[in-house]
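Colleague: I am new to this structure and would like to know what stands behind the words used for it. Could we go through them in turn?

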Amino acid sequence: MTVARKTIGERLAQLEVQRKTLQIRLSKQERAIDTRRKVLIGALVLHRLANDRDVQFAGGIAEWLRRELPKFLTRDGDRDLFDDLLEPRPHDPSLGDIGNGSASS
């Protein structure tokens with residue numbers, strides 16, 4: 001029994017399919033890493049807002065988010081997710097109006 005050898009064109013086509021498969025796998029891996037980084041940074045920011053005893057620091061983050069998030073979020077559904085961060089809370093010093101000097105040092 002003889003085994004038919006693949007032509008160079010067939011071998012190149014097979015390699016191209018393998019390359020595309022690996023490229024797809026790499027893209028998925030890169031997206032997963034990117035998503036994980038975003039989640040961790042977001043978790044850090046939310047943790048600092050909720051737990052930081054440095055009122056100026058947490059207030060500065062809150063002020064920055066209230067200023068920048070509306071420009072960054074383009075969909076209403078996305079904005080709804082951040083209603084609690086976008087509206088200043090007068091009784092919460094970390095989310096209060098730090099820019100107007102209402103927080104103590």
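**The pocket, the core and the helices**

Modeller: The largest pocket has a lining of 17 residues, with Lys38, Ile41, Gly42, Leu69 and Phe82 lying nearest its centre. The model is predicted, so local features need pLDDT of at least 70 and side-chain atom pairs pLDDT 80 or more, while totals for chains, interfaces and linings use all residues. Residues are numbered from 1 along each chain as its sequence is written, and side-chain values use heavy atoms, with hydrogens and water left out.

Colleague: What makes a set of points a pocket, and what makes a residue part of the lining?

Modeller: On a 1 Å grid over the protein atoms alone, a pocket is an open set of points with protein on both sides within 12 Å along at least five of seven lines, whereas a cavity is a set where a 1.4 Å probe fits but cannot get out; a lining residue has an atom within 4 Å of a point. The largest pocket has a volume of about 470 Å³, a volume being the space filled by probe spheres set on the points, which are joined across faces, edges and corners. Of its lining, 9 residues, the largest share, come from H1.

Colleague: How many helices and strands does the chain have, and what counts as one?

Modeller: The chain has 4 helices and 0 strands, where helices (H or I, at least four residues) and strands (E, at least two) are DSSP runs numbered from the N terminus.

Colleague: Why is Arg79 called partly exposed?

Modeller: Arg79 has 29% relative accessibility and therefore counts as partly exposed, since buried means under 20% relative accessible area and exposed over 50%, with partly exposed in between (1.4 Å probe, protein chains only). Arg79 is placed in helix H3, residues 76-81, and its C-alpha atom is separated by 8.2 Å from that of Leu69.

Colleague: Which residues form the largest nonpolar core?

Modeller: The 8 residues are Leu49, Ile61, Ala62, Leu65, Leu69, Leu73, Leu85 and Leu86, and H2 gives the largest share of this core, 4 residues. A nonpolar core is a set of buried Ala, Val, Leu, Ile, Met, Phe, Trp, Tyr and Cys residues joined through side-chain atoms within 4.5 Å.

Colleague: Where in H2 does the kink lie?

Modeller: The kink, of about 30°, lies at Arg66, shortly before the proline Pro70; the bend at a residue is the angle between axes fitted to the seven residues ending there and the seven starting there.
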